[in-house]
Amino acid sequence: MDIRRIWLDRDWVGKQQWSDFLMKADLIPDDQLDFTIGIYDQEKLIGTGSLFQNILKCIAIDSSYQNENLLSRIVQALREQLQEIGYHHYFLYTKPKTSKLFRSLGFTEITATTELVFMEQGFPDFEDYLTELKKHRTKTKDNAAIVMNANPFTKGHLYLVTEAAKTAETVYLFVLSEERSLFNAKTRFNLVKEGVSHLSNVVVLPTREYMVSSATFPSYFLKDQAKASIAQVQAVLDATLFKEKIASILSITTRFVGEEPFSEVTKIYNQAMKKTFGSQLNLVILPRKQIGEEVVSATKVRALMEQGNYAAIKPLVPPKTFEEIIKQKNK
């Protein structure tokens with residue numbers, strides 16, 4: 001039995017074999033992968049595992065080879081690849097029935113739904129993130145949360161935060177830490193912080209890898225290319241993690257989101273939150289802010305940037321955001 005890399009982007013026969021193997025194991029072949037390996041008994045594929053960034057995915061073993069210790073060989077090979085490219089903290093999705101096997105290999109459960117268990121290994125880990133959040137915890141009890149990418153921060157985002165701040169004692173405003181946006185994480189965080197600095201009951205925090213990230217909700221970043229069925233499962237996982245592990249730490253009773261007329265994935269996320277939160281958390285969906293006939297959105301701002309229409313951008317964003325946009329233009 002030998003381990004080989006499967007080049008999914010160029011080996012069509014290998015990809016078809018891999019895809020059929022996963023489907024037989026009741027797993028959905030994932031398009032979002034950087035690296036895939038297979039274990040072969042001569043030319044027969046008997047086990048596989050993949051990586052996307054620092055996430056272990058699509059791990060399956062042929063049922064007739066379950067006692068061959070193949071799982072630990074696959075995980076070890078993937079770990080070695082991760083360490084080679086500089087990752088020392090990684091995540092894993094698995095089905096509830098197999099989570100015990102991964103626990104025996106050193107993975108810790110973060111959260112679980114009926115369909116998925118989300119696990120991690122390495123540091124800094126989820127407990128470190130919760131410790132970070134506790135340092136910013138206020139003594140108030142009727143608190144709200146908003147999670148935003150703010151790519152870039154607009155007057156629409158500001159409207160959402162301002163409305164939440166009117167009703168909640170404290171608003172915990174989480175800015176995505178994921179580096180998959182036009183504006184990098186540090187810039188987005190600083191623009192949000194600057195934009196809400198006049199609101200004394202708003203605390204701005206990073207999401208790290210535990211809210212709307214490549215680890216918890218990769219479909220969010222695919223937008224129109226995302227498969228609705230996969231987005232649905234991931235959205236429920238992300239909402240469950242927030243409800244069960246984060247909201248309680250910060251006494252969050254309400255989550256505010258903007259209405260989503262454009263993005264199907266965001267619409268799926270809003271629906272998943274509503275269902276997952278149940279009676280434990282309120283979900284408040286606010287209509288999008290309009291300036292004249294125009295709905296304010298970051299998508300619109302980015303489109304205007306591509307067109308070079310900076311005059312049309314100015315009314316849609318706070319001054320600091322506009323300064324940053326002009327800076328980007330001049331780079």
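Okay, let's start with strand 8 (residues 143–148) and strand 11, which run parallel and are joined by three bridges. We say two strands pair if DSSP finds at least two bridges between them. Strands here are DSSP runs of E, at least two residues, and helices are runs of H or I, at least four, all numbered from the N terminus. Across that pair, alanine 144 sits opposite threonine 254 in strand 11.

Quick word on the model: it's predicted, so local features need pLDDT of at least 70 and side-chain atom pairs pLDDT 80 or more, while totals for chains, interfaces and linings use all residues. Residues are numbered from 1 along each chain as its sequence is written, and side-chain values use heavy atoms, with hydrogens and water left out.

Back to strand 11, residues 252–258: five of its seven residues are buried, meaning under 20% relative accessible area with a 1.4 Å probe, protein chains only. Strand 11 also runs parallel to strand 12 (residues 282–286), with five bridges, and there glycine 258 faces leucine 286.

Seven strands make an open, mixed sheet, in the order 1-2-3-4-5-7-6. Strand 1 (2–5) and strand 6 (108–112) are at the edges with a single partner strand each, so one side of each has no neighbour in the sheet.

Which way do strand 1 and strand 2 pair, parallel or antiparallel? They're antiparallel, over four bridges, and aspartate 2 has tyrosine 40 in strand 2 as its bridge partner.

How values were computed: Buried < 20%, exposed > 50% of the residue type's maximum accessible area, 1.4 Å probe, protein only.
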